[in-house]
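Q: I'd like to learn how to read a model like this one. Can we walk through it together, starting with confidence?

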Amino acid sequence: TFATSILLIIVAILVRRKAGIVPSKPQVIFEALTDFMWDKALTAFNGNEKRAKKFFPFIFTVFIFLLFANQFMLIPFAESIVTAEGIHLFRAPASDYSQPIVLTLFILILANGIALATHPLRHIGNFIKIAPFFKIRKLKEIPMAFLDFFLGILDIVGELAKLASLSTRLFGNMFAGSIIVLIISSLSFYTQFFVPIPFVVLGILSGVVQAFVFTMLGMIFISQSLSGVDDPELNTQTV
């Protein structure tokens with residue numbers, strides 16, 4: 001993770017130094033990535049440009065970091081450096097479960113924290129739905145009130161499920177890719193060089209896709225949390 005961060009800082013400085021009205025090739029690549037992710041951010045936040053601008057720097061940073069970090073296996077012999085205790089010194093950061101789960105925790109805490117700060121009662125009411133009990137006028141409305149209450153409890157379970165699903169998806173794909181290449185490379189001397197190439201290519205593609213999927217789902221989770229505390233009248237006017 002530190003190596004990827006340092007690499008990104010160096011790349012950013014080099015791209016910034018060569019940036020100009022006539023764009024350099026690295027500048028074109030980064031501008032294309034920025035435009036692509038900006039369009040996806042607008043879609044995730046339902047066209048709310050103000051909200052998308054607020055979260056885009058964080059989301060794009062996560063995307064660029066994972067995009068570079070997931071390709072760490074391309075560095076020759078990096079994953080073969082082992083300490084005296086048998087610990088791999090360098091490996092794809094997302095292939096260790098601690099990093100995906102921390103990134104996911106940060107996104108979920110950010111989403112729920114901002115929603116809670118924006119409208120505490122409305123956000124809590126999305127999970128603990130006791131308001132329908134105060135609107136009961138007839139006996140037949142009681143079962144629906146209990147149903148809404150239990151659906152709110154299920155939403156709490158759903159938030160915990162987001163933590164497991166989002167982090168495990170990223171970890172599982174990156175861990176499996178690195179393990180497959182390692183196993184095939186260690187079978188014999190003849191399988192170290194050419195046999196793993198198709199799996200390395202597949203790992204590259206998987207790393208790009210997983211970086212995109214993780215950040216898109218992160219944006220959607222944040223958007224859903226904030227949409228849940230928006231004024232219903234404003235939402236109706238927007239639609």
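A: Start with pLDDT, the predictor's confidence in each residue, from 0 to 100. Here helix α3 (residues 49-69) has the highest mean among the elements of the chain, 90, and helix α9 (residues 232-238) the lowest, 45. This is a predicted model, so local features need pLDDT of at least 70 and side-chain atom pairs count only at 80 or more, while totals for chains, interfaces and linings use all residues. Residues are numbered from 1 along each chain as its sequence is written, and side-chain values use heavy atoms, leaving out hydrogens and water.

Q: What does the chain average in pLDDT?

A: The average is 79, and 80% of the residues score at least 70.

Q: How many helices and strands are there in the chain?

A: Helices (H or I, at least four residues) and strands (E, at least two) are DSSP runs, numbered from the N terminus. This chain has nine helices and zero strands.

Q: At what angle do the axes of α3 and α4 cross?

A: Axes are lines fitted to C-alpha atoms, for helices over the stretch in contact, with angles from 0 to 180 degrees between N-to-C directions. The axes of α3 and helix α4 (residues 98-118) cross at roughly 170 degrees and come within 13 Å. That makes the pair roughly antiparallel (over 145 degrees).

Q: Which residues in α3 and α4 meet?

A: Contact means heavy atoms within 4.5 Å. Phe55, Phe58, Phe65 and Leu66 in α3 meet α4 residues including Leu103, Phe106 and Ile107.

Note on methods. Parallel < 35°, antiparallel > 145°, perpendicular 65-115°, else oblique.
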